[in-house]
Amino acid sequence: MEQDSLDGKLARMEGILRSLRRVAVAFSGGVDSTFVLKVAVDTLGPDNVLAVIGDSASLSPVEKDEARALAGRIGVELVEIRTAELENSNYFSNPPNRCYFCKSAQYDGIEEVMARRGFAAAVNGINADDYEDWRPGIQAAREHNVRSPCAEAGMTKADIRALSRRMGLPTFDKPAMPCLASRVPYGQTITADKLRQIDAGEQRLRALGFRESRVRHHGDLARIELPADDIARATAPEMRARIDEALRAAGFHYVAIDLRGFRSGSLNEVLARGPQDRPAKAAPPAGDGGRPTTK
């Protein structure tokens, strides 16, 4: 059916954006928010779109530089706002709903930018698949009336990657890159030093040719998650020694490779929770703020 096709979903998304007229995009440079930014600019024109990114310790400097380059490539103004989540005990104490406080601060900052610039609507990159995992940031989006045009149009992550490839976006096959704080187990304090250590470890793994990885911070121990296809290469004697050296250089005393492999959101496995509400098949009423991601 047409409504289930990529073109049909894209048309619905464009209609949602046209109804909002001028939008500020919560931007991180990831697959989803880059796609939303591109579609918004193509639909509304660059003068009616702002990309807003948080200047956060939880965002890798490499990711921030890539986001700046992407905004320039798309041809839209990028506004950077300072976030202060590490000054908020509700965030740095690292409860299971940590993401709620981070996103709330980000959306507060976006609202300030919107008020100064005359923008009435904010949008994010939440897609339909995001309702399958623990995403406290969705509640923050609802409370701030942030719209989720991808989810509202019924787009999955695979849809976004396929359309991004069609549009020539370099992010079409980019690995998911949630904030660095997501590598710290719940209940363990988040600090700027830990975030820098995690980022240094992951950048070193990237330099060794591992495009997708997670360095989970367990005090002196780095628990590395890699896609299953990369584990054999990582555990070969020579590479194992190089990984150990690289992670020790990042500040860890012990280095382990998780034999279960890469699992997005693996630290959520310890949470005892019921199923999160799922998106409706039809688009919600305007202003529902996130009913059908980061970051």
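**Ground rules.** I'm working from a predicted model, where local features need pLDDT of at least 70 and side-chain atom pairs count only at pLDDT 80 or more, while totals for chains, interfaces and linings use all residues. Residues are numbered from 1 along each chain as its sequence is written, and side-chain values use heavy atoms, with hydrogens and water left out.

**Core.** I looked up the largest nonpolar core and got 32 residues. Such a core is a set of buried Ala, Val, Leu, Ile, Met, Phe, Trp, Tyr and Cys residues joined through side-chain atoms within 4.5 Å. Buried means under 20% relative accessible area, with a 1.4 Å probe and protein chains only. Met13, Val23, Phe35 and Val49 have the most contacts inside this core. Elements giving two or more residues to it include α1 (6-20), β1 (23-26), α2 (31-44) and α8 (157-166). The biggest giver is α2, with 8 residues. Helices (H or I, at least four residues) and strands (E, at least two) are DSSP runs, numbered from the N terminus.

**Met13.** I checked its contacts, meaning heavy atoms within 4.5 Å. Skipping residues up to four places away in sequence, Met13 touches Phe35, Val36, Val39, Pro149, Cys150, Ala153 and Met155.

**Ser164.** This serine is in helix α8. Ser164 counts as buried because its relative accessibility is 0%. Beyond its neighbours within four places in sequence, Ser164 contacts Phe35, Leu169 and Phe172.

**Gln197.** I found Gln197 in helix α9 (residues 192-207). Gln197 is buried too, at 14% relative accessible area. Not counting residues up to four places away in sequence, Gln197 touches His217, Ala250, Gly251 and Phe252.

Definitions and conventions: Buried means under 20% relative accessible area, exposed over 50%, partly exposed in between (1.4 Å probe, protein chains only).
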